[in-house]
Amino acid sequence: MQGKDGEHLTSHSWYPVYEAAEEQPASSSLISKWLTFLAVSVMGIAVLINLLGNREAWWSLTLIPCVLYAWLSVRHTLMSRAHLGSKIIVQLLGLSAMLLWINVANGTTYWSTGYVIPFLMMAATLLITVICCSRKMGWREFSGYLLTLNLLGIVPLLLYAVGMSNVLWTAVAAAVYALLTFGGMCLIADKGFRQEMKRRFHF
């Protein structure tokens with residue numbers, strides 16, 4: 001300490017100066033709260049009108065999943081800073097749940113589980129595969145999300161097994177496409193991706 005002036009001590013401190021973390025803007029949080037309030041209000045008013053009006057046609061049961069999906073799309077996909085892979089999977093799950101809800105509410109045959117959901121899963125898997133091929137570090141960046149989609153590709157077969165789907169070929173196509181995608185990942189991806197798979201599966 002001897003012979004050092006104050007300016008020297010200030011510029012050579014033992015502990016670095018950390019800037020305060022940037023807080024989320026209050027306007028974004030306020031918009032999110034207003035969106036939630038608007039969605040709940042629309043669903044509540046729809047159910048109330050349906051109860052006071054014609055109870056033979058429960059159209060509010062079809063409107064509720066649409067409002068929830070719109071809220072999810074704006075809140076998580078447009079306003080959120082989540083990873084792109086997470087947004088794709090959330091969109092897949094949200095859209096599949098909305099269509100299945102509408103399908104069950106209308107009491108028709110399982111067109112959602114038989115055709116729409118399997119093709120949605122294949123489309124989401126193809127989209128992330130294209131993103132992985134177009135980015136330099138895409139395989140390692142999206143590996144967890146692509147593996148999640150590969151596991152979800154078996155869901156249509158499970159739905160067929162429990163009687164919630166009456167179309168076998170679409171379920172088999174989704175499962176086979178998931179297996180082919182996983183095989184292609186192991187063959188085409190770089191060495192870093194294969195090391196990541198070994199770390200995840202411990203082999």
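**Reasoning through the helices and their aromatic residues**

Modeller: Once its neighbours within four places in sequence are set aside, Trp-58 of this predicted model is in contact with Asn-50 and Leu-51. Trp-58 itself belongs to the loop between helix 2 and helix 3, and its C-alpha lies 8.8 Å from that of Asn-106, although the two residues are 48 places apart in sequence.

Biologist: Why is Trp-58 called partly exposed?

Modeller: The relative accessibility of Trp-58 is 39%, and a residue is partly exposed when its value falls between the 20% limit for buried and the 50% limit for exposed; Trp-58 therefore counts as partly exposed. Trp-59, which is also found in the loop between helix 2 and helix 3, has 40% relative accessibility and is therefore classed as partly exposed too.

Biologist: What makes the nonpolar patch that includes Trp-59 a patch on the surface, and which residues form it?

Modeller: Its members are Leu-38, Val-42, Ile-45, Ile-49, Trp-59 and Leu-63, which together have about 530 Å² of accessible area. A patch requires over 30% relative accessible area from each member, and Trp-59, at 40%, passes that cut-off. Helix 2, residues 26-52, contributes the largest share, four residues.

Biologist: Why is the pair of Trp-34 and Phe-37 called edge-to-face?

Modeller: A search of the whole structure finds three aromatic pairs. For Trp-34 and Phe-37, the ring centres are 5.8 Å apart and the planes stand at 85 degrees; since pairing needs centres within 6.5 Å and edge-to-face needs an angle over 60 degrees, the pair is edge-to-face. Both residues lie in helix 2, three residues apart, about one turn of the helix, and both are exposed.

Biologist: Is His-76 buried or exposed, and how do you know?

Modeller: His-76 has a relative accessible area of 18%, and buried means under 20%, so His-76 is buried. This histidine sits in helix 3, residues 60-78, and, leaving aside neighbours within four places in sequence, it is in contact with Ala-82, Ser-86, Lys-87 and Val-90.

Biologist: How do you know whether the length of helix 4 agrees or disagrees with what its number of residues should span?

Modeller: Helix 4 covers residues 84-106, which is 23 residues, and the expected span is 1.5 Å times one less than the number of residues. Just after helix 4, Gly-107 takes a positive phi of about 70 degrees.

Key: Residues numbered from 1 in each chain as written. Predicted model: local features only at pLDDT ≥ 70, side-chain atom pairs only at ≥ 80, totals over all residues. Heavy atoms only, no water. Helix = DSSP H or I, 4+ residues; strand = E, 2+ residues; numbered from the N terminus. Buried < 20%, exposed > 50% of the residue type's maximum accessible area, 1.4 Å probe, protein only. Contact = heavy atoms within 4.5 Å. Patch = residues over 30% accessible without salt bridge, like charges linked within 9 Å, V, L, I, M, F, W, Y side chains within 5 Å. Areas by Shrake-Rupley, 256 points an atom, 1.4 Å probe, with all protein chains shown as cover. Salt bridge = Lys/Arg side-chain N within 4 Å of Asp/Glu carboxyl O. Phe/Tyr/Trp six-rings, centres within 6.5 Å; stacked < 30°, edge-to-face > 60°.
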